[in-house]
Amino acid sequence: MYNDIKKVAGLYIRVSTEDQAREGFSLPEQEKRLRAMCEYKGYEVYKIYKDAGISAKTGNHRPAFEELLQDIKDGKCNTIVVLKLDRLTRSVYDMEHIMKFLEENNAYLDCANDDINTTNANGKMVARLLTTVSQNEIERTSERTKIGLAGAIKDGHIPSKTPLGYKRKKKKLVIDQSTKNIVIRIFELYHNGNSYQAIANIFNEEKVLGRENWYDSSIYKILQNEVYKGDYVQNKGTDHPNYYSNVVPAIIKKEFWEECQVQKKKNTRSFKRHLTYLYLQKLRCPKCGRILGGKATTKKSGTSYYYYYCNDCGITIKECDLTDSINNIINELYEYDKVVNQTLLPMIKTKLDNPKEELKKELYIQNQKFERIRKAYVSGIFTLKEYDTEREIVETAIQELEHRIKECDVCEELQFTPEDILIKRDIDYINKLLYPKEYQEKVCSWSKLSRNEQAEYLMNWIESIELNYEEEILKVKKINFRNSFFEDLCNLYSKGYLDVSRNATDEDNNKIKIRYSEYLPMETVTEKLLRLRQFYNVGFYESVYYYENQMIKFEYVDGRQIVRCFPANEDISKMGILYIDKNEKTQLSDKENVFEYIPSNETDKNYIMKPIKCC
């Protein structure tokens with residue numbers, strides 16, 4: 001019988017965390033209590049089996065427990081003695097295997113804190129019930145942990161090593177102003193056709209961050225990391241990843257990050273892009289909907305001609321034909337981007353975000369670091385070479401931070417507002433009308449950009465271009481803009497701060513193009529008119545508004561050039577028209593200033609102007 005068999009015990013003790021050790025489950029404490037129990041029950045102790053820092057989760061390898069099972073198989077002991085059942089396992093599945101193993105090897109299980117007897121059916125049932133309760137507890141704990149972790153991630157607490165370009169502030173990831181440009185440069189180099197190894201070689205040669213151990217694998221990890229576009233993927237690479245969007249500040253635009261993932265298929269160690277396709281990955285076949293491929297022919301003169309084609313449907317379109325059909329839109333987008341996205345909005349955003357204090361704190365930290373490096377060198381801790389390397393890293397960071405602080409100072413002083421967008425756009429348009437030669441010389445137009453620059457702009461602006469056939473001629477049906485670009489544009493347009501080109505007819509039914517913006521209150525229009533008149537004698541009149549067949553019809557006065565049209569009242573029954581005479585000249589004594597400045601809204605001072613520059 002069970003009580004007549006001599007019990008030779010293998011004492012199994014396990015602790016998985018420091019917390020369990022603190023709660024009385026330490027290995028020495030378990031051993032002490034199990035030895036006392038064996039002495040009381042008359043068990044012979046064969047050996048102590050210890051698994052430290054290992055949980056009882058299914059699939060975990062526990063060397064000491066495996067050794068215990070083997071010793072039972074070899075007949076060296078016949079009883080497993082544990083403090084509690086959950087020290088042995090918390091899995092119902094594992095418990096069934098353990099009980100089957102004990103039965104097959106005429107062995108037993110005894111627990112100090114749980115009344116377990118595996119020699120009969122009732123004892124086995126109790127063991128199963130206790131294991132079920134234990135498994136339920138660990139599963140509930142796991143669920144609570146996952147919910148808490150998900151909440152922390154959404155709040156910006158990313159449970160991973162701090163990536164390059166970021167630092168921790170109150171455990172949250174924030175952008176490190178001194179290293180973020182390194183990340184931006186990696187993405188730009190990769191997008192331009194450089195392989196992982198090529199980028200690593202460039203960085204090693206330049207000793208970026210004082211390092212000469214940049215590897216292709218480290219560049220690869222940076223380019224694959226969703227954190228840089230503001231997102232985080234938990235359990236990446238598994239069958240059940242969790243994706244969290246917009247949980248950290250983004251260093252790279254989402255569109256640019258995605259474009260780099262597409263580029264991955266093209267970039268090999270030996271690949272370097274020599275031909276740039278403006279619309280690659282943008283065009284879909286009007287018949288089958290597939291992305292069109294690109295090809296080019298280069299003549300003896302060196303001139304390249306670009307085409308896009310669908311192998312399945314036999315469709316081919318010339319890039320020049322496509323560009324001609326959307327050239328007006330592209331030119332307008334470029335003008336908008338130069339004025340709004342690249343000039344005024346960054347200044348407005350800089351002023352609103354006000355990162356100046358944060359930059360000053362970071363500058364203080366870097367200066368302190370520089371002082372510690374200097375003292376280390378003086379004390380002989382650093383060699384001259386080590387000192388020069390560390391000094392160069394810190395000095396670069398300090399220069400970047402000082403530059404950013406200066407930008408903030410300039411932006412604060414300039415005090416740009418959304419209304420300045422209206423003014424700048426109109427001043428540019430008038431400059432183009434009255435001083436076309438000087439305007440072309442001073443202002444960078446779309447046609448002056450390189451193909452690489454044009455391709456980069458189109459990548460940032462356009463998601464895709466839909467084509468269709470009209471009378472057997474392939475034409476552009478629709479341009480789908482990137483959400484981030486389109487939302488900003490629409491928001492400014494809806495508030496009346498941005499103009500678009502619209503078709504119109506005058507009273508003689510002549511078709512013309514006008515610059516059109518949405519309704520603005522008359523007080524805003526008056527203020528705007530007064531500002532424009534600091535530079536040019538801009539006039540204003542009202543006309544009746546007719547809306548017929550998507551065309552605007554209004555009174556047109558010969559000799560006047562329309563600057564802008566807009567609804568002059570909320571029910572859009574009247575049209576407000578800003579105009580300038582064809583022979584008008586600037587009011588300023590130096591006409592060069594009309595290209596460098598915009599008039600201030602401080603009308604009580606003569607010609608107070610804002611420079612459209614940021615240091």
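The structure is a predicted model, in which local features need pLDDT of at least 70, side-chain atom pairs count only at pLDDT 80 or more, and totals for chains, interfaces and linings use all residues. Residues are numbered from 1 along each chain as its sequence is written, and side-chain values use heavy atoms, with hydrogens and water left out.

A search of the whole structure finds 11 aromatic pairs (rings of Phe, Tyr and Trp, the last by its six-membered ring, with centres within 6.5 Å; planes under 30 degrees apart are stacked, over 60 edge-to-face and the rest tilted). One of them joins Phe 187 and Tyr 228 edge-to-face, at 6.1 Å centre to centre and 70° between the planes. Phe 187 belongs to helix H7 (residues 180–191) and Tyr 228 to the loop between helix H9 (216–224) and strand S7 (232–234), so the pair ties together parts 41 residues apart in sequence. Helices (H or I, at least four residues) and strands (E, at least two) are DSSP runs, numbered from the N terminus.

A further edge-to-face pair, Tyr 277 with Tyr 308, has 6.1 Å centre to centre and 70° between the planes. Tyr 277 lies in the loop between helix H10 (254–263) and strand S9 (293–298), and Tyr 308 in strand S10 (residues 304–310), 31 residues apart. Tyr 277 counts as buried because its relative accessibility is 19%; Tyr 308 is buried at 1%. Together with Tyr 279 and Tyr 306, these two residues form one aromatic cluster.

H7 and H9 pack at about 95°, with axes 10 Å apart (axes are lines fitted to C-alpha atoms, for helices over the stretch in contact, and angles run from 0 to 180 degrees between N-to-C directions). H7 is therefore roughly perpendicular to H9 (65 to 115 degrees; under 35 is roughly parallel, over 145 roughly antiparallel and the rest oblique). Val 183, Ile 186, Phe 187 and Tyr 190 in H7 meet Ile 219, Ile 222 and Leu 223 in H9 (contact means heavy atoms within 4.5 Å).

Helix H14 (residues 419–434) and helix H18 (residues 522–532) pack at about 45°, with axes 11 Å apart. H14 and H18 are therefore oblique to each other. Glu 419, Asp 420, Leu 422, Ile 423, Asp 426 and Ile 427 in H14 meet Lys 528, Arg 531 and Leu 532 in H18.

Technical notes. Buried < 20%, exposed > 50% of the residue type's maximum accessible area, 1.4 Å probe, protein only.
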